[in-house]
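Here are a few friendly notes to read alongside the model. Take them one at a time, with the structure open beside you.

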Amino acid sequence: MGSERDEELTRALAVDPVGGFEALVYAYQHRLYAFSLAMSGEPMDAEEIAQDTFMRAHVALSRYPSERIVVLKLNAWLHQIALNVFRNRARKRKLRLVPLDPDTPIADSAAGPERQALSRAALRELANLVSGLPEHQRAAVVLRCVQGMTYAEVAALLGQPEGTIKASVHRGLQTLKRRAGALSEVS
Amino acid sequence: MELLETDLRDLGHVHAPEGFAERVLGAVGIAPRITDTYAEVETLLGVVHVAWNSEGISALRTAGTAGEFERWFTSRLGRPVARVQVPPDRLARQVSGAIAGLDRRLRFDLTRLGPFEQDVLRKTAEIPRGEVRSYAWVAREIGRPRAVRAVGTALGNNPIPYLIPCHRVVRSDGTLGQYSAGGTTAKRAILQQEGVDAGWLEMLAGNGARFIGSRTTQVFCVPTCSHARRIKAPNRVFLRDEREARGAGYRPCSRCRPIAS
């Protein structure tokens with residue numbers, strides 16, 4: 001999502017709240033869904049989290065004066081809301097741990113250089129695996145590696161120093177690699 | 001680690017379920033104003049992606065994946081498009097029928113295009129199968145005789161190729177001219193299939209013959225006009241331009257309108 005596109009969206013939101021919001025939903029639906037899926041590991045949860053995120057954004061935007069809307073950093077702002085939605089839900093449910101199913105490998109790690117994009121089922125498995133990470137590592141890994149934010153952006157969003165984020169991402173990836181490897185050995 | 005990171009990037013490219021955006025908008029009380037849908041339709045050209053809305057067909061693409069179609073649609077028409085697995089029967093029949101050359105009355109949605117583009121495309125949609133007209137002809141017919149180049153641009157951006165037959169618009173010098181959906185070779189092949197002999201047109205133009213007249217009716221046409229094709233060989237006259245035609249006492253055909261009226 002380019003920042004130019006974000007600027008267009010915020011301008012649209014400031015002058016035409018209805019049309020602007022419609023454009024925002026179409027522009028961000030896949031991105032926020034992907035984030036929610038990687039965080040929760042469950043398609044049903046992901047849809048609810050993403051939808052809740054848009055609902056909250058809608059309420060917030062209707063209260064913000066247009067000067068504030070124009071300067072919003074949309075991408076970070078929406079991810080922040082999504083993260084809050086996710087955390088609130090997790091708290092309410094006492095964060096049930098998603099069990100790993102060792103019968104289904106997440107990816108064909110033996111695939112050659114012309115590796116194909118993962119199938120839908122494999123992506124779900126991968127999301128499931130990611131959602132098994134401890135929360136602080138998971139948010140860092142998802143924002144950095146799944147959503148493609150820079151370390152600086154992730155650090156600002158999570159309110160942690162960049163060094164801490166780098167360490168979390170590194171540890172998170174190692175854990176994922178270990179668990180993915182364990183999965184393929186079992187299968 | 002590298003493989004895992006690529007996989008994670010893939011995870012970032014998953015799509016929200018079908019109808020998700022519409023459900024969100026519904027939940028906050030916004031009725032989506034945008035309701036384009038698309039599906040794959042089997043045609044003589046192979047499987048094509050066709051998009052439509054309540055006004056009519058809004059886009060068609062022959063090549064590429066569903067994702068590519070969506071990206072192209074959004075960037076070309078500035079609005080999203082939602083996929084359905086099965087196209088409505090009637091639409092599928094209309095589209096495949098029209099591409100197969102059957103006479104189908106199709107409705108198009110061109111409302112998001114500029115007024116000039118709309119004029120060009122609607123005029124082009126009138127050109128019958130088996131015939132061609134020049135860019136200059138389209139420009140004249142829509143009352144913008146000097147906008148020949150702009151006609152070419154509008155046709156190059158035609159969001160509904162084949163159904164709006166931009167391949168039936170060629171250069172006044174008898175050569176086929178550009179074709180965005182596969183170049184001149186593709187244009188030649190489609191026209192050939194429709195019964196237009198591109199080589200013959202080039203030869204005519206090369207010999208300086210722009211129009212064909214009938215000695216018996218004293219009417220002159222563009223070479224591919226169905227009236228011109230009915231003229232028997234002994235009565236056929238090749239004419240260089242309007243001046244020569246008028247000078248010899250010929251009047252323009254009211255069907256193909258070979259010159260500006």
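How many helices and strands are there in chain B?

1. Chain B has 11 helices and 10 strands. Helices (H or I, at least four residues) and strands (E, at least two) are DSSP runs, numbered from the N terminus.

2. A word on conventions: this is a predicted model, where local features need pLDDT of at least 70 and side-chain atom pairs count only at pLDDT 80 or more, while totals for chains, interfaces and linings use all residues. Residues are numbered from 1 along each chain as its sequence is written, and chains are lettered from A and ligands numbered from 1 in the order in which they are written.

3. Of the 261 residues in chain B, 37% are buried (20 or more other C-beta atoms within 10 Å of a residue's own, with C-beta atoms placed from the backbone).

4. Now look at where the chains meet: 25 residues of chain B and 32 residues of chain A take part in the contact. Two residues are in contact if their C-beta atoms, placed from the backbone, lie within 7 Å. On the chain B side, α1 (2-11) and α2 (20-27) each supply at least two residues, and α1(B) gives the most, with seven residues.

5. Finally, find helix α3 (residues 43-63) of chain A: its axis and that of α2(B) come within 10 Å and cross at roughly 45° (axes are lines fitted to C-alpha atoms, for helices over the stretch in contact, and angles run from 0 to 180 degrees between N-to-C directions). The contact joins A:E47, A:Q51, A:F54 and A:M55 of α3(A) with B:F20, B:R23, B:V24 and B:A27 of α2(B).

Technical notes. A residue is buried if 20 or more other C-beta atoms lie within 10 Å of its own, exposed if 12 or fewer, and partly exposed in between; C-beta atoms are placed from the backbone.
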